[in-house]
Amino acid sequence: MILYHLHDWQRAALAPLRFAAEATQAVFQNPLFPATHTRFGKVMAAGAEMFERTTRRFGKPSFGLDKVKISRTEQVKVEEEVIMAKPFCRLLHFKRDIERIDPKVLVVAPMSGHHATLLRGTVEDMLPDHDVYITDWIDAKMVPLAMGKFDLEDYITYVMEFIRKLGPDVHVLAICQPAPPVLCAVSLLAQMDDPVQPRSMTLMGGPIDCRYAKTIVTEVGVKRPMEWFRNTVIHALPFYYPGAYRLVYPGFIQLNGFISMNSDRHVGEHIKMFQHLVKGDGESAARHREFYDEYLSVMDVTAEFYLQTVERIFKNHDLPEGRFMWHGKLVQPAAIRKTALLVVEGELDDISAPGQTRPTLDMCSGLPDSMKKAHLQIGVGHFGIFHGRKWRESVLLVLRDFMREHAEAPADHGKNKHKKSRDEAIA
């Protein structure tokens, strides 16, 4: 249980070397220093930067979305505002300075290690045509123990509260980890016949049924007993954090897991960055910094949330087996009748492989086929579903069209069709 302390002590011990690396980098990047313009100087500066970045603790980045381009020639201001604040999450709104009604979208960000800012590009790409809100989950180390627990059922409760706050015209988008709890939240709203049920629900690359298309992630969840997870990856926060003594699944352990899955790729990318720095290719180096500044910024999650997710989603498959309970109430996706469903998977996804999210279509048996759709994006992995060129050129267009198609409640659709046929008859 002292791993967290050892990790922090190691970073503290490396601090003098990191400061020395920063000084070295500053010297060999000074244009007035003769060696700066030699290959030796460039190698020294590049090596110093790589060492500094390797030993740095990356803090939470900002979204930094202060303007958005809504046409080829027009940009509008964007203001980030907090709509609702909860102990473990803030509901953020990216308010655009524009007089236009676009589909209202609640983006439920993953709480699986990275901050919600990992979806900065996703939000930025959606802003021109959507009114975007996002769940900004709070690092567990920053939440005092007195604020209580936060488990998988609490996550579902939060999502339900956010949907109710935004109203019945909202569309919900869950990316990766949130897919199961979002499906539960929408199911429960339907079971309660709540007047606020989303117009549509999009689940992207989420582990709805991990028995399909197994990956390294699902295999670890199945093979390891729960005692291993409790004794190996759960640690108490040191006394000097606001969340002192809270049991968490530390972000640095999660990050090590992410990197180990594609270690060759990450090592290769860092070698490329070193080469770009030596060659003076600042643009390529800047792209690397931008990605890894975000990727290496991680947060802790509460132990109870992590352990419940492992046990109920990855080991017992409670949701597809029809036995998932929320505060003693059985979750029934078949009750969904007013919320259209879009499932998106990536052909090369090695985290939530294609086939894991698609079972949602059968589980939501109360929806007609006209309100259900599946999209398999060819040639992309996990991040490519919601980031990059194919996301912008393909997935985003599918998502946008689906939301507009289901912009009205099913009852309203019927009324409009009736009105149209009556008008045509009169004509």
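In the second largest pocket, α1 gives the largest share of the lining, 6 residues. Helices here are DSSP runs of H or I, at least four residues, numbered from the N terminus. This is a predicted model, in which local features need pLDDT of at least 70 and side-chain atom pairs count only at pLDDT 80 or more, while totals for chains, interfaces and linings use all residues. Numbering starts from 1 along each chain as its sequence is written, and side-chain values use heavy atoms, with hydrogens and water left out.

A pocket is an open set of points on a 1 Å grid over the protein atoms alone, where a 1.4 Å probe fits, with protein on both sides within 12 Å along at least five of seven lines; lining residues have an atom within 4 Å of a point. This one holds about 850 Å³, a volume being the space filled by probe spheres set on the points. Its lining has 33 residues, with Arg11, Arg56, Phe58, Leu255 and Leu296 nearest the centre. At least two lining residues come from each of α1 (3–28), α2 (39–55), α8 (251–261) and α9 (263–279).

Two of those helices also pair up. The axes of α2 and α9 come within 8 Å and cross at roughly 145°. Axes are lines fitted to C-alpha atoms over the stretch in contact, and angles run from 0 to 180 degrees between N-to-C directions.

The other pair is α4 (residues 152–166) and α11 (residues 303–315), with axes 8 Å apart at about 95°. They are therefore roughly perpendicular, a label for 65 to 115 degrees. From α4, Leu152, Glu153 and Tyr155 meet Phe305, Gln308, Thr309, Arg312 and Ile313 of α11, contact meaning heavy atoms within 4.5 Å.

Methods:
Angles under 35 degrees count as roughly parallel, over 145 as roughly antiparallel, 65 to 115 as roughly perpendicular and the rest as oblique.
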